[in-house]
Amino acid sequence: HRVAENEKVQQGVEKVQKGLEAAKDTGKVVMEKAHEGLEAVKEKTREWRAGAGTVWEKGRGSIQRIRTEGVSAIAWRGSAKDTLAMEEQWKDIKVQGAEELSVPARTEHTCAYHVSKGSTLRWTFRVKDYDIGFAVRMRVQVWGGSQEEEVLAMERYDNNDTISGSWVADEDRTLVLAFDNRYSKLRAKTVAYIVGTEKPPVFVEEPRPEAPDPQRPVV
């Protein structure tokens, strides 16, 4: 009778051990799957970042600081064109937006523009005091909606410079320009900006003059 009880106890211990082993295996599989999922997310992020850099390079993206010597007397009175004094440079560009605006502390202001394939998006901006962050993103459609991918990483520009940039669309794209003041805890920033698109030049081939026919008498 005691032997039978010992066997039952032994069987119970074995079942518990098997249960523990099974739980360990299940836990291991769950951990491995979680790790694989995390790695997949990291890889996707790396691809997006690499893709973003490629999009900027493919579009021959450029951005430059132009040191500004003084500001005109009519600057910062509500007209971005007057503040930036860009009338001459922008005469052949279709202006999509020109504004002086205040970006509150801890916020960012974004504006989206559709750029057709082959067209150039151009922008010029200046901050009145201190500095402002600026970034370029691309809006893409994904399952369940849209998301914005980084094309040009956020960088801060101070009030000593006027910033001009451009980018050529390799496909029909929606580009988002972001004026980022989220890092500022108290100060709002006044920004003047102008944005426009420029279509690619159309080359018209002139008809060549016909060569005279040697058989035809010249009148």
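## Close-up views of a predicted model

**View 1. Arg182 and Asp180 form a salt bridge.** The side chains of Arg182 and Asp180 meet at 2.7 Å, N to O, in a salt bridge (a side-chain nitrogen of Lys or Arg within 4 Å of a carboxyl oxygen of Asp or Glu). Asp180 is buried at 4% relative accessible area, while Arg182 is partly exposed at 44%. Buried means under 20% relative accessible area, exposed over 50%, and partly exposed in between, with a 1.4 Å probe and protein chains only. Shared partners link Glu108, Arg137, Arg139, Glu148, Asp180 and Arg182 into one network of salt bridges.

The model is predicted: local features need pLDDT of at least 70, side-chain atom pairs count only at pLDDT 80 or more, and totals for chains, interfaces and linings use all residues. Residues are numbered from 1 along each chain as its sequence is written, and side-chain values use heavy atoms, leaving out hydrogens and water.

**View 2. Arg137 pairs with Glu148.** The closest N and O atoms of this salt bridge are 3.6 Å apart. Arg137 lies in strand β5 (residues 131-142) and Glu148 in strand β6 (residues 145-158), so the pair ties together parts 11 residues apart in sequence. Strands (E, at least two residues) and helices (H or I, at least four) are DSSP runs, numbered from the N terminus. Arg137 is buried at 16% relative accessibility. Glu148 is partly exposed at 35%.

**View 3. Glu198 forms a salt bridge with Arg122.** Their closest N and O atoms are 2.5 Å apart. Glu198 belongs to strand β9 (residues 189-198) and Arg122 to strand β4, so the contact ties together parts 76 residues apart in sequence. Both ends are partly exposed: Glu198 at 24% relative accessibility, Arg122 at 29%. The whole structure holds 11 salt bridges.

**View 4. Arg126 sits in strand β4 (residues 120-127).** Arg126 is buried, with a relative accessible area of 7%. Its side chain makes a polar contact with the side chain of Thr162, at 3.3 Å. A polar contact is a pair of N or O atoms within 3.5 Å; within protein, one must be able to donate a hydrogen and the other to accept it, and residues adjacent in sequence count only if both atoms are side-chain atoms. Tyr157 is 31 residues from Arg126 in sequence, but 8.3 Å away C-alpha to C-alpha.

**View 5. Four strands form an open sheet.** The order is β3-β8-β5-β6, with antiparallel pairing. Two strands pair if DSSP finds at least two bridges between them. β3 (108-115) and β6 stand at the edges with a single partner each, so one side of each has no neighbour in the sheet. From one strand to the next, the twist averages 20° (axes are lines fitted to C-alpha atoms, and angles run from 0 to 180 degrees between N-to-C directions). Eight bridges join β3 to strand β8 (residues 173-180) in the antiparallel sense. His114 stands opposite Thr174 in β8.

**View 6. The largest nonpolar core has 28 residues.** A nonpolar core is a set of buried Ala, Val, Leu, Ile, Met, Phe, Trp, Tyr and Cys residues joined through side-chain atoms within 4.5 Å. Trp123, Phe125, Leu177 and Phe179 have the most contacts inside the largest core. Strand β5 gives the largest share of this core, five residues. Leaving aside neighbours within four places in sequence, Phe179 has contacts (heavy atoms within 4.5 Å) with residues including Val103, Cys111, Phe125, Ile132, Phe134, Val191 and Tyr193. Another core, of nine residues, lies apart from the largest one; Trp76, Ile93, Ala192 and Ile194 are among them.
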